[in-house]
Amino acid sequence: TVIRRPTPKDRARYAGHWSKTSSRPSRPMDTVILDAEQKARVQADVNEYLHPLSPRWYADRGIPYRRGYLFYGAPGTGKTSLSFALAGIFGLEIYVISLQEPSLTEGDLGLLFNSLPRRCIVLLEDIDSAGLLRDGKSDEEEQGAKERKTKNVEGKTEEKKGTDEKSGDKKDENKDVKGGKDEKKTDEDEKPWTLQDLAKALKSANTRDRRQNEADKIRLPGQGISLSGLLNAIDGVATHEGRVLIMTTNHPEKLDEALIRPGRVDMQVEFGLATRTQIAELFSRMYASDRTGNPRAPAAVAANGSAKTASNGALNGHAKGDFSFLEAQDVSSKEDLDGIAFRFAQKLPEKVFTPAEIQGFLLTRKKEPRKALEEIEEWRDKQVEAKEKKSRVFDA
């Protein structure tokens, strides 16, 4: 899977807007720890979207040929992993854009989107931490509209109240010839501001000032990305069609409704904490070896394309071809491994740990599944205690 990122501005003129930064082996879908139904649903949706007849179907119905996905959940639950797995399955390159890049302008973002190939995956990671803000004018107009609406309602109430008072004045006109009482009532009609009115006005002014200060800090003149700039790049008039947009976030509640409305985000996928079924699946995959049914390690390839084994039994001067040094030493069969995986999963609570946390524990015991089974309870208790104390330091 090829990964591309924006080319630095000093090289973009002659090197293009995108540069290849890395290439990694395609990730199998079964290595992504996620509910099987969710994985199948996302995979089927992308497959249908990329079908050769889909562009014509969209065009006949006047629908822009674009597809967007929102992957949300706690860190370490597999959001980016699923993105890479999808890219590998469908043979797509991944174009990664960081909206937190301080030198990225809205003009640059538009150029990046317009220079995308027709079939690719655009990955916007941690979209909630990008500091996207609505423009100050939009906020002021929205707040002003609310204030005008409130004033209109209050004005109608006061007008009705004034009419009732005038009717009462006519009844008392003969009783008060000098008009002293009329002057007093006229003064009362000009209702002074109450403490509540003053508090509302101060809060409104402070909110506008705070939003403007945040915008000034995050968006210097000509720099940074506003919400409207991102929306225009995603589905503006000049935006190319055919790409798959994936946005990831740890906090979906922080996202603006305009960003995730249907048409921009067509499917939302939640990545939860690990269930016992997923824990057992992760354990089995970690310790599976040639003897338990996994594919054997690749052999060296000869110049004519046929497989061959090096005469000294090594690959590239390093590990031997069978990778036996990485295999679990105390597992006799796949059934034995599955039994250990089941007991391991039963020792952990559901939906408490992320797959990344469990995988980190297993990596330090990658050849000793029985040792992992013996030590998991102690690790579990320490992790739960650390989470309760909100400590960021964990013992493996």
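Colleague: Why is Gln383 called buried?

Modeller: This is a predicted model, so the value is computed from predicted coordinates. Gln383 has a relative accessible area of 2%. Buried means under 20%. Therefore Gln383 is buried.

Colleague: Where is Gln383 found?

Modeller: In helix H13, residues 369-388. The C-alpha atoms of Gln383 and Glu357 are separated by 9.5 Å. Along the chain, these two are 26 residues apart.

Colleague: Turn to the charged pairs. What makes Arg67 and Asp45 a salt bridge?

Modeller: Their closest N and O atoms are 2.9 Å apart. The cut-off is within 4 Å, for a side-chain nitrogen of Lys or Arg and a carboxyl oxygen of Asp or Glu. Arg67 therefore forms a salt bridge with Asp45.

Colleague: Which parts of the chain does the pair link?

Modeller: Distant ones. Arg67 is in strand S3, residues 67-73, and Asp45 is in helix H2. They are 22 residues apart.

Colleague: Are these two buried or exposed?

Modeller: Arg67 has a relative accessible area of 18%, so Arg67 is buried. Asp45 is at 12% and also counts as buried. The limit is under 20%.

Colleague: What about Arg264 and Asp235?

Modeller: Arg264 forms a salt bridge with Asp235, with the closest N and O atoms 2.8 Å apart. Arg264 lies in the loop between strand S6 (244-249) and strand S7 (267-271). Asp235 is in helix H9, residues 227-235, and the two are 29 residues apart. Both Arg264 and Asp235 are buried.

Colleague: Why is Asp381 called partly exposed?

Modeller: Asp381 has a relative accessible area of 44%. Buried needs under 20% and exposed needs over 50%. The value falls in between, so Asp381 is partly exposed. Asp381 forms a salt bridge with Arg380, with the closest N and O atoms 3.2 Å apart.

Colleague: Which residues do shared partners join into one network?

Modeller: Asp45, Arg67 and Asp266, through salt bridges. The model's salt bridges come to 15 by this rule.

Colleague: What makes H5 and H9 roughly parallel?

Modeller: The axes of H5 (residues 106-114) and H9 cross at roughly 15 degrees. The limit for roughly parallel is under 35 degrees. H5 and H9 are therefore roughly parallel to each other. Their axes come within 9 Å, and H5 passes H9 in a right-handed crossing.

Colleague: Which residues of H5 and H9 meet?

Modeller: Glu106, Leu109 and Phe113 in H5 meet Gly229, Leu230, Ala233 and Ile234 in H9. The contact divides into five nonpolar, one polar and one charged.

Key: Residues are numbered from 1 along each chain as its sequence is written. This is a predicted model: local features need pLDDT of at least 70, side-chain atom pairs count only at pLDDT 80 or more; totals for chains, interfaces and linings use all residues. Side-chain values use heavy atoms; hydrogens and water are left out. Helices (H or I, at least four residues) and strands (E, at least two) are DSSP runs, numbered from the N terminus. Buried means under 20% relative accessible area, exposed over 50%, partly exposed in between (1.4 Å probe, protein chains only). Axes are lines fitted to C-alpha atoms, for helices over the stretch in contact, and angles run from 0 to 180 degrees between N-to-C directions. Angles under 35 degrees count as roughly parallel, over 145 as roughly antiparallel, 65 to 115 as roughly perpendicular and the rest as oblique. A crossing is left-handed if the near helix is turned anticlockwise from the far one by less than a right angle, and right-handed if clockwise. Contact means heavy atoms within 4.5 Å. Ala, Val, Leu, Ile, Met, Phe, Trp, Tyr, Cys and Pro count as nonpolar, Asp, Glu, Lys and Arg as charged, and the others, Gly among them, as polar.
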